[in-house]
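The stops below are given in the order to select them.

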Amino acid sequence: MANRLPRLDWQRGACYLASVGEGEPGDRAGSVVGLMKETVQIKGSALLGVLAWMRATLGVDTRKRLVAAVSRDWSTVFAGRIRAARWYCYGAYGELLATLERELVTPERPGCMREIGRFTGTRDVGGILRIVSAFASPEAVVVRGFGAWGQSYWSRFCDTGRVSLLTHGRHGATIGLYDFPEIAPEHCQLMEGWWEAVARAAGAAQPRVVQTQCVHRDDACCEFRGVWR
Ligand SMILES: [Zn+2]
């Protein structure tokens, strides 16, 4: 516990700077860099994707309920305007997902992370991949997309973690997410749906992605195995 408290303080500090700081993402190279690099950062667009799902699915007043439900450390982030291009503390994203699972989801909608992943995945990369997939098979798009571009996609949203295409065939692929022990367990579940949306945009029929290894089960990485027709 003694180990964790200073880290929480770092997160609060970095989060405060990220949410009210002057200027744009370039700030990270400025005077706050020593503070910022202590914590994982995620792009505002990732937070906005989840908020867009909430608006589309749960209704317009859920933002207020969210602000009331998140812990005080993060309520200022969600009460204010979130900018797509700005970096935020990863803790805010983890808190958003955990709060959704815990308090905002109704009994009729249990376990919404896969659904959010499909929604945000389509939003994040759907347009780009649909154009590419008009000219190539799903496997070719996956190989090119996650062999060559996977890491740059990931780095656009998160400053920590490394994506690697491990296996691929005509009807499936395996992707590993490395060096990201801080990932929230809800984020792991969300990624199953996110990869499904990416596979669908790549032209795959009925894709199903399951996490087969996870750092929260003491595995070395989070591994996602996808199959499609
Ligand atoms: Zn995992």
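This is a predicted model: local features need pLDDT of at least 70, side-chain atom pairs count only at pLDDT 80 or more; totals for chains, interfaces and linings use all residues.

Residues are numbered from 1 along each chain as its sequence is written.

Start with everything selected. The protein has 10 helices and 6 strands (DSSP runs, numbered from the N terminus: H or I of at least four residues for helices, E of at least two for strands). Of its 229 residues, 38% are buried (20 or more other C-beta atoms within 10 Å of the residue's own; exposed is 12 or fewer, partly exposed in between, with C-beta atoms placed from the backbone).

Next, select residues 185–201, helix α10. Its 17 residues should span 24 Å at 1.5 Å a residue, and the end C-alpha atoms are 25 Å apart, which agrees (the expected span is 1.5 Å times one less than the number of residues). Because 16 of the 17 residues are buried, α10 is largely enclosed by the rest of the structure.

Now step to the loops. Aspartate 179 sits between β4 (172–178) and α10, with a positive phi near 60 degrees. Aspartate 179 counts as exposed, having 11 C-beta neighbours inside 10 Å.

Past α10, glycine 203 has a positive phi near 105 degrees. Finish at glutamine 206, in the loop between α10 and β5 (208–213). Its phi is positive too, about 50 degrees, and glutamine 206 is exposed, with 10 other C-beta atoms within 10 Å.
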